[in-house]
Amino acid sequence: MNKLNTNNLNDQDIKNINFKHGGNILTQAKKLNLLPSKIIDSSASLVPFEPPKLILDVLISEIKTLGFRYYPERNLNSLREIIGEFHQINPDNILPGNGASELITWAGYEASKSGASCIPSPGFVDYERSLNCWNASFDYSELPKNWSNSFPQTFPIKPICDVLWITNPHNPTGQLWDKKSLEIILKKYKLVICDEAFLAITPNGEKESLIPLTKTYDNLLVIRSLTKLFNIAGLRLGYIIGSSEKLKKWNIKRDPWPLNSFAIKAGIELLSNKILYEEWTSKIHDWVNTEKNWVSNELSKIKNLKVHNSSTNFFLIESKFSLSSNIHYLEKKGILIRECNSFRFLNEKWARISLQTRKNNKILCREIQNSFKK
């Protein structure tokens, strides 16, 4: 168990903390003198398809009508009502945000008032960044590095602090946690923050969502993202569901206009069109099931490489040797995968790979195989 109390961090300590993300496609494209569209970005876990035409239409309409000339709606009531209707949740218990990252920052604020946090690790680095913003104390609880091939699974963390951060499915392992085991945990913590950014992408994932439990448990906050599901990361669009009293206090303290007019319009259109949403998610789930099996079979042919099973559109690979040279080889080929040095309890022998289209998955697997021959 590692422990870090950010109240004791000096400037150099903070500088040395590595909050690294995937998705550095623009930097790599510039480095290789390529268009971003020519890069195969398997480091960021976005769906690889063009966004639905509906999104493009609404963005073009906003430009043509010059709707962006005006300040966006301050309280985001229209978007909150649509999200509320979509999830059957009171709009007062919903707060849209500038992507999940902004909401994670405010969840860190709430956590800082509730006591010490526990971050199951390896885990998403943004939780640590968020807690550092508010000088909050937190521990790391190490997750097992081997797990069953069947999902969902029982959440393995036992109470050791006041606040628990959950990612479902977990990032970077891709483990899907069982809703029943998570509800038991809710009764043992002052605050539980559940990040469901990838749940809609995950086949059968919605069955394990904790959103319905926010009606019963005031100590539960659930974060969702639309940017990954619809491949619109540049729009920055997410929302959090939980206690209206907590969210009202956040809303007073945060920026007056956290969402731009384009993101608001896109969110309203996407969640008000249930037929489109269901057709899109069905397409995504079929893609995940098909490509996950195909890529896993291809990479499993590589000697000294283990492919860890996942419930969603990304998974971990584990090598007997450092993957640094393999990652460097792939970068020169215009292919990005997520090195795992910045994940607690992982090292250079691990990498995370996100599924692509079959065409790009063929290139990805071929070049990974070639990288092991060098």
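How many helices and how many strands does the protein chain have? In this predicted model, where local features need pLDDT of at least 70, side-chain atom pairs count only at pLDDT 80 or more and totals for chains, interfaces and linings use all residues, the protein chain has 13 helices and 13 strands, with helices (H or I, at least four residues) and strands (E, at least two) taken as DSSP runs numbered from the N terminus. Residues are numbered from 1 along each chain as its sequence is written, and side-chain values use heavy atoms, with hydrogens and water left out.

The C-alpha trace spans about 55 × 50 × 40 Å along its principal axes. For 374 residues a compact globule would have a radius of gyration near 21 Å, and the 20 Å of the protein chain agrees with this; the radius is taken over C-alpha atoms, and the globule rule is 2.2 Å times the number of residues to the power 0.38. Of the 374 residues, 55% count as buried, that is, under 20% relative accessible area with a 1.4 Å probe and protein chains only. Among contacts (heavy atoms within 4.5 Å) between residues at least 6 apart in sequence, 75% join residues at least 24 apart.

Strand β5, residues 137-142, is mostly covered, since 5 of its 6 residues are buried. Strand β4, residues 117-121, runs parallel to β5 and is joined to it by 5 bridges, where pairing requires that DSSP find at least two bridges between two strands. Within this arrangement, S117 stands opposite F138 in β5.

Notes: Buried means under 20% relative accessible area, exposed over 50%, partly exposed in between (1.4 Å probe, protein chains only).
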